[in-house]
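Subject: Structure for your review

Dear colleague,

Please find below the structure that I am handing over to you.

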Amino acid sequence: SVTSRQRPLSAQALAYFLCKSRVQRDEAATQVSTMVGKLHAVLYTDPDGGAIRAHHTSFYDFLQQRIHAEAPGEWSDGPSLESRMLRRCLDAMHEDLSFNICDIDTPVLNTSIPDLDKRVQDKISEQLRYSSRFWHCHIHGDADSQDAGIADNLSRLIVSKKFLFWLECLSLQGALGQSIPALTRVSSTFKVSYMLHYCCTLEF
């Protein structure tokens, strides 16, 4: 995939999701940019921010149709791609979420911060902005169909300080409302008893 259906991403951000190794990301970003160049009739790189976009939204519809066609493996890895994206979204949140991520001096309403948009762009990485808002969109199937470790990874996020940092990150982006569908998706997919068992094993 050279583009995201949730939100357009730059080649560098896509490379983060494609490669866990930092060494491989520069090469992956170059490969993505090369692919976009070859598909210039349908894709382009936005000069303002570097996001890879389609010239027309029908391109995304075309991709979805091909993914669910007779030979989906030729176009997408299907569930495995979604699992990879979910894992990398969780990685980004575990790695990058932190207290007062935008370095705001005193507790104030977001509307009282004149340079909030610039702070969000400068202080919150592109992959974290995407991950914090759209990680739950990559949960597919039931709990038993998820890759090993995803439930544990989610549990560690939800019952730690990172959960509060995630809410702060959403709020700074004006997207706090997205926490509701995210948590609803988790509660409808994963066994509550499993989560409770995991919480009981934690040592604070």
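The notes below go from the overall fold to single residues.

This is a predicted model, in which local features need pLDDT of at least 70 and side-chain atom pairs count only at pLDDT 80 or more, while totals for chains, interfaces and linings use all residues. Residues are numbered from 1 along each chain as its sequence is written, and side-chain values use heavy atoms, with hydrogens and water left out.

Overall fold

The protein chain contains 10 helices and 2 strands. Helices here are DSSP runs of H or I with at least four residues, strands are runs of E with at least two, and both are numbered from the N terminus. In sequence order, the elements follow the pattern α-α-β-β-α-α-α-α-α-α-α-α. Of the 204 residues in the protein chain, 39% are buried; buried means under 20% relative accessible area, exposed means over 50%, and partly exposed lies in between (1.4 Å probe, protein chains only). Among contacts in the protein chain with a separation of 6 or more, 69% join residues 24 or more positions apart, a contact being heavy atoms within 4.5 Å.

Helix 1 (residues 11–18) is mostly covered, with 6 of its 8 residues buried. The buried residues there are Ala11, Ala13, Leu14, Ala15, Tyr16 and Phe17.

Helix packing

Two packed helices are described by the angle between their axes and by the distance between the axes. The axes are lines fitted to C-alpha atoms, for helices over the stretch in contact, and the angles run from 0 to 180 degrees between N-to-C directions. Angles under 35 degrees count as roughly parallel, over 145 as roughly antiparallel, 65 to 115 as roughly perpendicular, and the rest as oblique.

How do helix 6 and helix 8 cross? Their axes come within 10 Å, at a crossing angle of roughly 105 degrees, and helix 6 and helix 8 are therefore roughly perpendicular to each other. Helix 6 contributes Leu128, Ser132 and Arg133 to this contact, and helix 8 contributes Trp166, Cys169 and Leu170. By class, the contact of helix 6 with helix 8 has 4 nonpolar, 1 polar and 1 charged residues. For these classes, Ala, Val, Leu, Ile, Met, Phe, Trp, Tyr, Cys and Pro count as nonpolar, Asp, Glu, Lys and Arg as charged, and the others, Gly among them, as polar.

Helix 8 (residues 161–172) also packs with helix 9 (residues 179–189): their axes come within 11 Å and cross at roughly 140 degrees. That angle makes helix 8 oblique to helix 9. On the helix 8 side, Phe163, Trp166, Leu167 and Leu170 take part, and they meet Ser179, Ala182 and Leu183 of helix 9. The contact of helix 8 with helix 9 has 6 nonpolar, 1 polar and no charged residues.

The second largest pocket

The second largest pocket has a volume of about 270 Å³. A pocket is an open set of points on a 1 Å grid over the protein atoms alone, where a 1.4 Å probe fits, with protein on both sides within 12 Å along at least five of seven lines; lining residues have an atom within 4 Å of a point. Grid points are joined across faces, edges and corners, and the volume is the space filled by probe spheres set on the points.

The second largest pocket is lined by 13 residues, of which Asp48, Gly49, Ala51, Gln121 and Arg129 are the closest to its centre. Helix 6 (residues 126–134) gives the most to this lining, with 3 residues. By class, the lining divides into 4 nonpolar, 3 polar and 6 charged residues.

Individual residues

- Leu43 lies in strand 1 (residues 43–45) and is buried, with a relative accessible area of 1%. The C-alpha atoms of Leu43 and Arg53, 10 residues apart along the chain, are separated by 5.6 Å.
- Leu86 is in helix 4 and counts as buried at 0% relative accessibility. Leu86 and Ser131 are 45 residues apart in sequence and 8.4 Å apart in space, C-alpha to C-alpha.
- Asn100 is in the loop between helix 4 (79–96) and helix 5 (116–123). Although not a glycine, Asn100 has a positive phi of about 50 degrees.
- Asp103 is found in the loop between helix 4 and helix 5; Asp103 is not a glycine, yet has a positive phi of about 55 degrees. At 40% relative accessibility, Asp103 counts as partly exposed.
- His136, in the loop between helix 6 and helix 7 (150–158), is buried, with a relative accessible area of 10%. Not counting residues up to four places away in sequence, His136 touches Gln178, Pro181, Ala182 and Arg185.

Kind regards
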